[in-house]
Amino acid sequence: MEEEIVEEGKVYTESFLVESIRSLKRNRSALVGLTIVIFLIFVAIFAKAISPHNPIEQNLYDNLKPGFWAGNSKNLLGTDEFGRDILSRLIYGARVSVSTGIIAVVIGVLLGSLAGICSGYFGGWIDNLLMRLTDIMFSLPSILLAIVIVSVLGRGLSKAMIAIGITYAPQIARVVRSETLTVKNSEYIESARAIGAPNKRIIRVHVLPNVLSVIIVYTTLSIGSAILDAAALGFLGLGAQPPTAEWGAMLANSNHYITGGYWWVATFPGVAILISVLGFNLLGDGLRDAIDPRLRKKF
Amino acid sequence: MKSYIIKRLLNILIMLFAVSIIIFLLVRLIPGDPARTMAGEHASKEILEEMRKKWGLNKPLWEQYLIWLKYAMRGDFGRSILTHESILTEILERFPNTLELSLFAMLFASTIGITTGIISAVKRYTLFDYISMFLALFGVSMPIFWLGIMLVLLFSIKLNLLPTGGRLSVFYSIKPITHLYLIDSLITLNFGAFLDTLKHLILPSVALGTIPMAFIARITRSSMLNVISQDYIRTARAKGLTEKTVIMKHALRNALIPILTSAGTEFAMLMGGAVLTETIFSWPGLGTYIVQAVNARDYPAIQGAVIFVAFIVALVNLFVDILYAYIDPRIHY
């Protein structure tokens, strides 16, 4: 308890960024998360250079071959039903999954923050309308909402990103709204208004920087679950379409192969999803505690 | 209390009304002409026109909605494009299957989640605490469809202990009374079918219950830690009560509200998780119904099922709120 008070005091003497980084460095699990995330991004960027084979090249003579455990040095993690190299598909899949997760959350955060700031800042009927809309969206499980939106927009990766983004918007809207409400009544906003600053400027210069930390924390905390949701849509055949190497879609038909004993087809994509979601979750938790421990209650 | 429940039920009605408008509009936004879908690729202009007239598609949107609403209020969601059956009948046939799965999954999630959470809080910073909280973190990061596949791989294929999917083996039949197989088979003293149902339930419930279990364990731990540091717990200990009474009676009861909130939300969200779990285990519930409807572009069915799920989620939330008042006498409505 005493430590925290001392830390809080430091906020005034050191820059916000320095303090956040220091707190993050002390958090071992956040560092593990950061390592995983950096590794993933590295793999995604250099997929072409490090993957041993072409991820969509079919080789029907070599289909469903086991990997290194059966002495296969050509396809370390084995091959799938079309003889494609699973390791290469996982490496390219990192590109798809990580970018899907990030883009989906960015879409959600843009929509949600805009709605939340407008709702909190302007109040009145805008606030009422937007908040009732979030109520309605909360009344459905998010993955179901995403499925409905994809069925309206049509299948495909980009549409899945939009659908997931929309389902993430209400939560961030709520949080940003409540932050905006606290900022709105502060004196510096009042004085800005007194000197005749237009709403647009007040929001950009005064409100946005103050709600930014919440937005950053929410973004990192959500990427993990967005990756999960994108994989789920891929698994249901509504997200990434074949032959795109996407982790969820790689699991789509694996039910048939495990009964035949081809366990590797179903195992590795799931491990990849699990590790990357874990990485983003650990980093997000750490970042939340580093930037603003009060947010523990909100997320 | 009564007036509170009535007020909430009215709120649910308004919410469903709003959901129905939005879903109705969304479904109409879908590119493509439903008349052409029904009449086929090569239908003539006259047939298309007749189709539109027959299904009321030539009327303005608001009129179409009012017609739909008029029937929906009588419990008629229309007929499925895919099966030509009444949608509500189909939903009601499948819902008990999803309900039984969700209840069983929730039972699994809350027993293990709450127990683990309590032990973790009491034995804070011990090996047990670290391991269980690490596993809980794993649980929330796990794709449940993959967990389902792995469970099938281990328990059905490698160990041959449990069935890979389905609701009941073909050589059993259960007389429907409540439509919940476990209860029906017990009432009719059909123990063979009871065991078989149980075997079919275990893997899907574990797959569906893992994420809620992880959440409940984390919430229970933090909520218990919060309560344990309170003065009345110190007083209870000082009075010389046994540790068991202090933890189970004084601490747990006060820690229960946040746990119940998260369990309620998780239970409502199970309806979403059920879509994935049911697909893996070929479970004939609402989840597979929705996936099937989406794949067949069966829009009336999607519309009906989504509104039904929204209704169930709202009811669960209401039930949780009522439960608060029983657990915590300080809460009055």
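1. The centres of domain 1 of chain B and domain 2 of chain B, taken over C-alpha atoms, are 34 Å apart. The contact between them takes twelve residues from domain 1 of chain B and eleven residues from domain 2 of chain B, two residues being in contact if their C-beta atoms, placed from the backbone, lie within 7 Å. On the side of domain 1 of chain B that touches domain 2 of chain B, ten residues are nonpolar, one is polar and one is charged. Ala, Val, Leu, Ile, Met, Phe, Trp, Tyr, Cys and Pro count as nonpolar, Asp, Glu, Lys and Arg as charged, and the others, Gly among them, as polar.

2. This is a predicted model, in which local features need pLDDT of at least 70 and side-chain atom pairs count only at pLDDT 80 or more, while totals for chains, interfaces and linings use all residues. Residues are numbered from 1 along each chain as its sequence is written, and chains are lettered from A and ligands numbered from 1 in the order in which they are written.

3. Between the chains, 36 residues of chain B are in contact with 31 residues of chain A. The side of chain B that touches chain A divides into 33 nonpolar residues, three polar and no charged.

4. In chain A, helix 8 (residues 157–184) bends by about 30° at A:Ala169, and a proline, A:Pro170, follows within four residues. The bend is the angle between axes fitted to the seven residues ending at a residue and the seven starting there, and helices are DSSP runs (H or I, at least four residues) numbered from the N terminus.

Note on methods. Domain bounds come from an automatic or database domain assignment. Helices (H or I, at least four residues) and strands (E, at least two) are DSSP runs, numbered from the N terminus.
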